[in-house]
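Subject: Structure handover

Hi,

My notes on the ligand site and the pocket follow below.

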Amino acid sequence: MPLALPATIQKATLSKLAKLGIHNRFDLILHLPLRYEDETQLVRIDDLLPGIDSQVEGEIIHAEVAFRPRRSLICQLKDDSGILFLRFLNFYPSQQKQLAIGKRIRALGEAREGYFGMEMVHPKCRSAGENTPLKQALTPVYPTTAGLPQATLSKHIRSALNDVELSDTLPAPLIARLKFPSFADSVKLLHNPPPDIDAAALLQRSHPAWYRIKFDELLAQQLSMRLHYRKRRKLSAPQFTSHGHYTGALLKALPFALTGAQQKVWREISHDLTQAHPMQRLLQGDVGCGKTVVAALAALQAIENGYQVAFMAPTEILAEQHFLKLRDWLEPLGISPAWLSGSLKKKDKLAAIERIASGDTLLAIGTHALFQSQVEFHKLGLVLVDEQHKFGVQQRLAMRGKGVEPHQLMMSATPIPRTLAMSYFADLDVSVINELPPGRTPVVTKLVSDARRDEVFERVRNACLEGRQAYWVCPLIDESETLQLQTALETYATLKETFPDLNVGLVHGKLGNADKASVMAAFKANEVQLLVATTVIEVGVDVPNASMMVIDHAERMGLSQLHQLRGRVGRGAAHSLCVLLFQTPLSELARARLKIIFENTDGFEIAQQDMQLRGPGELLGARQSGVPMLRFADVNEDAALIEIARNMADEMLRDFPDTARAHLQRWMANKPDYLHA
Ligand code: ADP
Ligand code: MG
């Protein structure tokens, strides 16, 4: 392998490099500095400004170890303009030697006003002769790990810069159009910036050299995902003519008309299904916008053509809701879906598997149990995946290879900001429902401190006594499922005691499925007025009569999660209320989150702000495990670059396939799976 690290590097160093994600010489090239030190000039001590990193040179005229207020080494450094105090709280004998009276040194650090005058705390010191030359470039400071000194890292990076092939992997006409510096110039500049460079631009990563690196990274991401997309497009899939006898019948039977946005995405999906290559589409929209009915229509178009459909959801509760809803909708059309989940009794499971294998049912609904190896579809034509972010790319790949290449429709519960959709979902076509069904009354959100818990109890009681229903969402406890369960049980006990006049139910992740189903059914039927729940109700639960929700310890929840939860109410015509109970004092992040959720109802806006607050990780969920993550570019700040990279990737794959390969090879060498997927 041409880019392997030099054989001369010691084992111990290799393992430290590996810790930094450095496995080959190209990784060394991309190990870019965190910041820089300026050792290219000297400042006179008299001219030092507080708060600014500077380098001075002089002679040590005083050195002592003080013991109060704590043990420290205090030196005085003198040049011909003045005296600077140097202080070290931790120091080694070797440092003491270097800083002995009479020694000439250079000290680099942030000057500040000390008790005795200007001082530097823990400056970087090096011995200097009369004529030690100044550095010609800024000194990079690299992210490193314990036991790997900057100097060692620097040495290896410098030698990689000398012998790794850095020629450009962007086609010349495209670079010219973008006016980016070359790749080689960019990395060389970032590792070795000239003294007169715009240092702020370097730090903020807004220097053209940074743009070039970020662009190359984004381009590699786009190329790999678009390549994936194009490969799937070359596969053949069954074509589903839109006959309309089932879809038309469902549309007629529904108690509502599709919104304009639903109609639009339905047209897009319906068209995809008529094509001879597999659909690979992401359907997204805010909580409650009505994705399920669109999925049902897609299923019917496949069924009209005699093909099977698999509809998969990540949790039993959600999968079961889909099953019940689709059964209601489709049974009148003579279609009887099969239900398959991991927790079915063996006999029932085998029966379901048999119905699927024989083609006796054209619609199978369930959890990921649907995609276990013993399930063989008779004639699978379409895969519907709800809450796709809960499934990794791996699972998506597993769904293929089941004989015929099926069409795929992924659904997302959480709205995905545009830049995120454009980068991490570049292997999919995207349909967006940007409108809620009419007749929804916006949910009123209240932030209430835990000190006013009693008032909240009263409101819950009144709402339930007026015939409405409420959720009480238990606190999220990150570290421990056991604790979470315990809290749920305690909350349930307390609320039962607080509301002897109400029927209180409890649903949590550890409950057996039959119990879970019966609690949910009782809640749906209004036999239970107050449902105590863990976040298992986060996704998909649909009980229109429930118009109040209390979220306990809301400060612990993520924004998207709060938005999802709140989306469980406000589904009927009644005025709905969501109370976010919080514990004081609030951390700054928690305060920011609660403010956003209080001020916004639009899920896209919330997702955007969430991404700004916490980065894309949470929104991506499991997906990121198989998708090349971004190290340099930022989905919040580099939207413009993402857009250009997206367009250029398609152009490159079409017109410059060899260069595209070379670029991928350079950037994705460590991710061979993705490269060849
Ligand atoms: P989500 O997009 O969050 O999955 P659902 O598909 O669960 O939303 O739909 C939420 C609720 O809105 C369901 O009760 C559904 O039947 C209803 N619904 C869907 N489309 C419409 C519409 N066009 N008009 C009125 N109600 C609708
Ligand atoms: Mg849904």
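In this predicted model, an oxygen atom of ligand 1 sits 2.6 Å from a polar backbone atom of Gly288. Ligand 1 has 16 residues around it, with Gln262, Gly288, Thr292, Arg440 and Asp542 the closest (a heavy atom within 4 Å).

Now the largest pocket. Its volume is about 930 Å³. (On a 1 Å grid over protein atoms alone, a pocket is an open set of points where a 1.4 Å probe fits, with protein on both sides within 12 Å along at least five of seven lines; lining residues have an atom within 4 Å of a point. The volume is the space filled by probe spheres set on the points.) The lining has 36 residues; Gly290, Thr292, Lys325, Asp542 and Arg571 lie nearest the centre. Domain 3 (245-433) and domain 4 (443-600) both contribute to the lining, so the pocket lies between them. Domain bounds come from an automatic or database assignment.

Conventions: residues are numbered from 1 along each chain as written, and chains are lettered from A and ligands numbered from 1 in written order. Local features need pLDDT of at least 70, side-chain atom pairs 80 or more, while totals for chains, interfaces and linings use all residues, and side-chain values use heavy atoms, without hydrogens or water.

Best wishes

Conventions: Polar contact = N/O pair within 3.5 Å; in protein donor to acceptor, adjacent residues only side chain to side chain.
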